[in-house]
Amino acid sequence: MAEVRRSGIVESVHHGTVVVVMPDGSVGLRRGDASQPVLPRSTAKPLQVLACMRAGADLTSTALAVAAGSHIGEPIHTAEVRRILRDAGLEEKALQCPAELPGHEGTRIKMLRHGEQAAPIYMNCSGNHAAMLAACVASGWPTETYLDPNHPVQRLVCEVVSELAEEQVEHAAVDGCGSPIFTISSLGMARATRAMMLATPGEAARTIFDAMRSHPEFVGGSHNHVNTDLMNRMPGLVAKSGAEGTLLLATEAGHAAMIKVADGGPRAVPAIGLAALAAVGIDVGPVSELLTASVIGPVRIPDAVHVTL
């Protein structure tokens, strides 16, 4: 799907799958086997949050954004996660995601200078875990086992994924944060994304996407984060990246794209996603330079990514 060129020489290539579902439900673009099950990783977070809302989690707009996002541990992020837990009557020790230092460099350096240690709340999935815990409290489910694939909150996540993707989940794996992650095809993820974007305003599914667009800094970080930067620069767009070369994009009109790069590397993923949207007629002018650039942020490559869709 993309080449990496150094001084005019093709040095590396990225294979993978990309699919775009149009507002009317038809497939506007398909490259690779979009019916092959994949692990959507953090692109599935909006679906997980939808399950939490169905279980009764009462989350504000900023809480929805940080729960559906992959934050970098800035003070605004950890404060919001603590508020979700506090409103549910829980303490930080209820979080079962791994202990990490913040991804945000300034916060991380400040912590290290003060001798502070890694903690689960700084892990980029802590907002997502806090939402699951809030759902458990709202429904009277145990919080100690919320990461068990057979826990009611995870069974509900599986149901939501299958319902919106219009496919049956075939397998459950363990994500990097310890949460179950359910396999679904790239086409299924695009269908689910379209369904959330085209939900009636005020419905839970649409509320999540509206929160992400209203508070993009909670979905990623204040700067140099692919999700936040794309949504800030293309108003109306929803962007949610995930580990191992995954990305979902959705336009306000209801176009939904899912990208999975086979080698798991992130550098070409935004360019592939934007090229896919452009191929079905979406104006990506505000971020056009990213069509030939590596990931947003400090990582740069010597020449450029060239998408070959």
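Which residue in strand 10 does Gly-242 stand opposite? It is Thr-246. Please bear in mind throughout that this is a predicted model.

Let me place that pair in its setting. Strand 9 and strand 10, the latter covering residues 246-250, are joined by five bridges in the antiparallel sense. As a general point, strands of a sheet pair through backbone hydrogen bonds, in either a parallel or an antiparallel manner. Here, the open sheet contains five strands in the order 4-3-11-10-9, and their pairing is antiparallel. Strand 4 (27-31) and strand 9 (238-242) form the edges, each of them pairing on one side only. From one strand to the next, the twist averages 5°.

Two helices deserve mention alongside this sheet. Helix 7 packs on the sheet and touches strand 3 (16-21), strand 4, strand 9, strand 10 and strand 11 (256-261). The direction of helix 7 makes about 30° with that of strand 3. Helix 8, by contrast, lies across strand 9 and strand 10, and runs at about 90° to strand 9.

I turn now to the charged side chains. In general, side chains of opposite charge can pair when their charged atoms come close. The count for this model comes to 13 salt bridges, and I have selected three.

Asp-210 and Arg-213 meet in a salt bridge with an N to O distance of 2.5 Å. Both residues lie in helix 8 (residues 204-214), three residues apart, which is about one turn of the helix. Is Arg-213 buried or exposed? Its relative accessible area is 17%, under the 20% limit, so Arg-213 is classed as buried. Asp-210, at 25%, is partly exposed. Through shared partners, salt bridges join Arg-206, Asp-210, Arg-213 and Glu-252 into one network.

The second example involves helix 7. Glu-167 forms a salt bridge with Arg-191, and their closest N and O atoms are 3.5 Å apart. Glu-167 belongs to the loop between helix 6 (152-165) and strand 6 (172-174), while Arg-191 sits in helix 7 (residues 186-197), so the pair ties together parts that are 24 residues apart in sequence. Both partners are partly exposed, Glu-167 at 22% relative accessibility and Arg-191 at 24%.

Finally, the side chains of Arg-6 and Glu-11 meet in a salt bridge at 2.9 Å, N to O. Arg-6 is partly exposed at 38% relative accessibility, and Glu-11 is likewise partly exposed at 46%.

Thank you for your attention.

Methods. Residues numbered from 1 in each chain as written. Predicted model: local features only at pLDDT ≥ 70, side-chain atom pairs only at ≥ 80, totals over all residues. Heavy atoms only, no water. Salt bridge = Lys/Arg side-chain N within 4 Å of Asp/Glu carboxyl O. Buried < 20%, exposed > 50% of the residue type's maximum accessible area, 1.4 Å probe, protein only. Helix = DSSP H or I, 4+ residues; strand = E, 2+ residues; numbered from the N terminus. Pairing = 2+ DSSP bridges. Axes fitted to C-alpha atoms, helices over the stretch in contact; angles between N-to-C directions. Contact = heavy atoms within 4.5 Å.
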